[in-house]
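Q: I have a protein model open and would like to learn how to read it. Could you guide me through a few features?

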Amino acid sequence: EARAKGAALTSGWRAEDWQRLHAIAPGGFDEPEDIRRVLDWFGYLAEWRSHYAIRSARASLYASRITCIDAAVLSYGLMELLFASVKRRLLAIHRRDPKGEECGHCVTIYWNGDGRIGAFGKSSFAGLGHRDAVYADELAIASSYAKEYLAMGFEPLYFGVTTLEEIAPDLDWRFCAGALNQISDRLKDRYEYAFMLAR
């Protein structure tokens, strides 16, 4: 972790960011799963529709409540900071509720040493949060979220997997103080697969 702190202070992260991170989740970060403690500290921003604004990793770090996509950007950034050698991606899922409204969910997925996939997630729905690293591939972990949607009476529609480096090379998703709403549309452009699940 000392190496991570040194790298942080030379890559744009500030000493106060590091202090904030450890104030939120004391105890250190020995394995990727420790990032769960960071996301679990935040409340969920349920009224996000009234003032939609995707935040950078740093902006979320200093918030008290965050959305699913804020949590995805934050955990993605923390993976880069603390576990740079671990493969990570964003998983975006689109669903339709019983009233016909469509909405997305986004999590950060990562691969453990055995090639199994886990996820970091934040949601107002209990079944859409973290996942242990037990899934064989992207379809398997995406399907685990889709099944939770089905259990709630929602229809899972599409999903896609990408990186912030691929979809936002021109955006400062690590440290920007302003809104990064372009990320939402760019994630939608990466939907590649339709769900076909038995009901």
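A: Gladly! This is a predicted model, so local features need pLDDT of at least 70 and side-chain atom pairs count only at pLDDT 80 or more, while totals for chains, interfaces and linings use all residues. Residues are numbered from 1 along each chain as its sequence is written, and side-chain values use heavy atoms, leaving out hydrogens and water.

Q: How is a pair of aromatic rings described, and what is the angle between the planes of tryptophan 13 and phenylalanine 175?

A: The distance of the centres and the angle of the planes describe a pair of aromatic rings. Rings of Phe, Tyr and Trp (its six-membered ring) pair if their centres lie within 6.5 Å; planes under 30 degrees apart count as stacked, over 60 as edge-to-face and the rest as tilted. By this rule there are 10 aromatic pairs. Tryptophan 13 and phenylalanine 175 are edge-to-face, with 5.0 Å centre to centre and 80 degrees between the planes. These two residues are 162 residues apart.

Q: Is tryptophan 13 buried or exposed?

A: Buried means under 20% relative accessible area, exposed over 50%, and partly exposed in between (1.4 Å probe, protein chains only). Both tryptophan 13 and phenylalanine 175 are buried.

Technical notes: Helices (H or I, at least four residues) and strands (E, at least two) are DSSP runs, numbered from the N terminus.
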